[in-house]
Amino acid sequence: MNLLTLSNINKSYGPKCVFRSFNQQFASNQIHAIVGPSGCGKSTLLRIMSGLDGSFDGEVAWNGKSIYTDGGTVFRKNVLGLQMQNTPLFSSLSAKDNVALPLLLLGKPMAESQKRALKMMEYLNISHLADSGISQLSGGEKQRVAIAAAMIRTPKILILDEPTANLDSETELFIINRLQQYKDTAKACIIIATHSHTVANYSDTILNLQQV
């Protein structure tokens, strides 16, 4: 079993302490929900686990090896799929090309990248948006495009920040179902920060953060 391990994490913003001696493990082949009130540090924790915020004391390790050895670059490139609330989508590209972009940045051929992007969009039931411009999409559609882009490289760790916040209940259940299928197929560790009781109820574990 693969493990993402957080050991003795201490994080502050000026005088405000966000985490003090925080320890947690996240296992593969499970969906882990992170819940708690606004301002409790959910998004901060996701950034620390994603190798995007190294300004903390403690250690984040994947299978016993620190993800910050090289500033998190190899971890983000080879292991992680990430969708944050402010994940940028490029208005100059179609929805399909936004999904394909992570593959293109790895040097994959355009035709292969677009083919895989379209397949991922079909998996998330948004293939009809493939040629749409980003400005033509609703908030929920943009969200699903961002999720598709996070999943396109078949990551072993998938970190999602409020992935269903702008979705209706039916679409939310569909996305949860797809994430469960992906977890089982890829043996992935999926970590979701959410305010949704539905997402939490369908998760394998729930981490309830409280303000320090």
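Modeller: Let's start with a term: a salt bridge is a side-chain nitrogen of Lys or Arg within 4 Å of a carboxyl oxygen of Asp or Glu. Keep in mind that this is a predicted model.

Colleague: Happy to. How many salt bridges does that rule give here?

Modeller: The count is 5. The general idea is that side chains of opposite charge can pair when their charged atoms come close. Take Arg116 and Glu112, whose side chains meet with N to O at 3.5 Å. Both sit in helix α4, 4 residues apart, which is about one turn of the helix.

Colleague: Why does Arg116 count as partly exposed?

Modeller: Because its relative accessibility is 29%, and partly exposed covers the range between under 20% (buried) and over 50% (exposed). Glu112, at 34%, is also partly exposed.

Colleague: Which residue forms a salt bridge with Asp53?

Modeller: That is Lys11, with the closest N and O atoms 3.0 Å apart. This pair links distant parts of the chain, 42 residues apart: Asp53 is in the loop between α1 and β4, while Lys11 is in strand β1. Asp53 and Lys11 are both buried.

Colleague: And Lys183, is it buried or exposed?

Modeller: Lys183 counts as buried, because its relative accessibility is 9%. Its side chain meets that of Asp204 in a salt bridge of 3.3 Å, N to O. Lys183 belongs to helix α6 and Asp204 to the loop between α7 and β9, 21 residues apart. Shared partners join Lys183, Asp184 and Asp204 into one network.

How values were computed. Residues are numbered from 1 along each chain as its sequence is written. This is a predicted model: local features need pLDDT of at least 70, side-chain atom pairs count only at pLDDT 80 or more; totals for chains, interfaces and linings use all residues. Side-chain values use heavy atoms; hydrogens and water are left out. Helices (H or I, at least four residues) and strands (E, at least two) are DSSP runs, numbered from the N terminus. Buried means under 20% relative accessible area, exposed over 50%, partly exposed in between (1.4 Å probe, protein chains only).
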